[in-house]
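This report concerns the sequence and three-dimensional model displayed below. Please keep the structure in view while reading.

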Amino acid sequence: MSLLSVEGLGIAFGGLRAVDDVSFSVNPGEIVSVIGPNGAGKTTLFNMISGVYMPKSGKVKLSGEEVTGFAPHLLARRGMSRTFQNLQIFQNMTVLENAISGFHLREKGSVFADLLGLPASRRRSRDAQAGARELLARVGLANAAELEAGNLSYGALKRLEIARALALDTKVLLLDEPAAGCNAVETEEIDHLIAEVAASGVAILLVEHDMKMVMRISNHIVVLDHGVKIAEGDPAAVARNPDVIAAYLGTQAQEASHADS
Ligand SMILES: Nc1ncnc2c1ncn2[C@@H]1O[C@H](COP(=O)(O)OP(=O)(O)OP(=O)(O)O)[C@@H](O)[C@H]1O
């Protein structure tokens with residue numbers, strides 16, 4: 001069974017159908033990317049899947065259970081986490097503290113138990129610390145645990161954000177432009193990390209503008225244009241699809257005519 005399935009998802013802003021009747025699914029270990037020209041509806045689709053926007057139509061299912069419009073923390077408890085285009089890292093905290101913060105969404109303990117330092121709360125924080133160190137090792141940041149996050153390179157910050165999103169026994173990981181702002185070396189490190197996470201059985205949904213990266217790491221690509229799914233398939237099939245070529249060439253032609261005028 002698919003870990004994530006999106007069935008006929010749609011939303012409109014005013015009269016504009018930003019996403020219209022989009023369906024696809026992501027299986028364990030699979031990397032699925034959503035691409036499309038600017039304004040195609042990628043971010044809006046992501047926001048509906050991750051509980052930021054309530055869809056007007058359609059369903060989101062996690063392992064067969066309907067979770068349409070569930071708040072992000074409820075999705076996280078069911079195994080779905082996301083990263084954001086803009087880094088959500090606490091720059092003044094250490095790398096380890098940032099990774100630990102990823103564990104707090106799952107915790108059910110009371111604030112009073114934490115304030116009083118009760119045994120259950122001490123155990124939880126020991127577990128979170130051990131889990132966070134494991135995650136840092138997984139993303140190649142074990143040696144940076146005690147550094148202030150603000151001192152990390154941009155690529156390392158992006159990997160820290162992925163580590164934090166993995167803290168919750170994540171089964172479905174949504175990555176919003178994980179390589180944005182990264183140089184070629186950092187992008188390659190993120191490539192490897194995403195492939196490694198997928199190989200561990202996590203279902204990955206990716207929105208990314210770096211087309212080379214998308215073509216390199218995706219098993220399956222969904223193409224949106226004006227809110228509608230115009231194509232899907234493996235990278236080679238999508239790259240030679242005439243509708244996809246026309247959608248991208250159309251945007252370039254528009255940009256060129258704006259540049260001329
Ligand atoms: N909150 C909103 N209110 C009104 N219109 C919106 C809102 N969010 C997005 N839109 C519109 O919906 C359409 C899809 O936008 P969206 O940001 O999802 O596209 P995108 O594919 O992510 O674009 P980009 O590649 O530029 O990030 C656009 O026409 C956009 O102007």
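## Basis and conventions

The model is predicted; local features require pLDDT of at least 70, side-chain atom pairs count only at pLDDT 80 or more, and totals for chains, interfaces and linings use all residues. Residue numbers start from 1 along each chain as its sequence is written.

Helices (H or I, at least four residues) and strands (E, at least two) are DSSP runs, numbered from the N terminus. Two strands are taken as paired if DSSP finds at least two bridges between them.

An open sheet with antiparallel pairing is formed by four strands in the order 2-1-4-5. Strand 2 (16-26) and strand 5 (65-66) are at the edges with a single partner strand each, so one side of each has no neighbour in the sheet.

Five bridges link strand 1 (residues 4-13) to strand 4 (residues 57-62) in the antiparallel sense. Within this pairing, Gly10 lies opposite Ser57, and Leu4 has Leu62 as its bridge partner. Strand 4 is also joined to strand 5, by two bridges and again antiparallel, with Lys61 opposite Glu66. Strands 4 and 5 form a hairpin with two residues between them, and Ser63 in the turn has a positive phi of about 45°.

Axes here are lines fitted to C-alpha atoms, for helices over the stretch in contact, and angles run from 0 to 180 degrees between N-to-C directions.

Strand 6 runs parallel to strand 7 (residues 172-176), and three bridges join them. Arg82 is placed opposite Leu174 in strand 7.

## The ligand shell

Which residues are around the ligand? They are Phe13, Leu16, Ala18, Gly36, Asn38, Gly39, Ala40, Gly41, Lys42, Thr43 and Thr44, where a residue qualifies if its C-beta atom, placed from the backbone, lies within 6 Å of the molecule.

Strand 2 and helix 1 (42-49) are the elements that give two or more residues to this shell. Helix 1 supplies the largest share, three residues. By class, the shell has four nonpolar, six polar and one charged residues. In this scheme Ala, Val, Leu, Ile, Met, Phe, Trp, Tyr, Cys and Pro count as nonpolar, Asp, Glu, Lys and Arg as charged, and the others, Gly among them, as polar.

## Packing of helices 6 and 7

Helix 6 (residues 154-165) packs against helix 7 (residues 184-199) at an angle of about 20°, the axes being 9 Å apart. Helix 6 is therefore roughly parallel to helix 7, a description applied to angles under 35 degrees.

In helix 6, Tyr154, Gly155, Lys158, Arg159 and Ile162 meet Glu186, Glu189, Ile190 and Leu193 of helix 7; contact requires C-beta atoms, placed from the backbone, to lie within 7 Å. The residues of this contact divide into four nonpolar, one polar and four charged.

Technical notes
Parallel < 35°, antiparallel > 145°, perpendicular 65-115°, else oblique. Contact = placed C-beta atoms within 7 Å.
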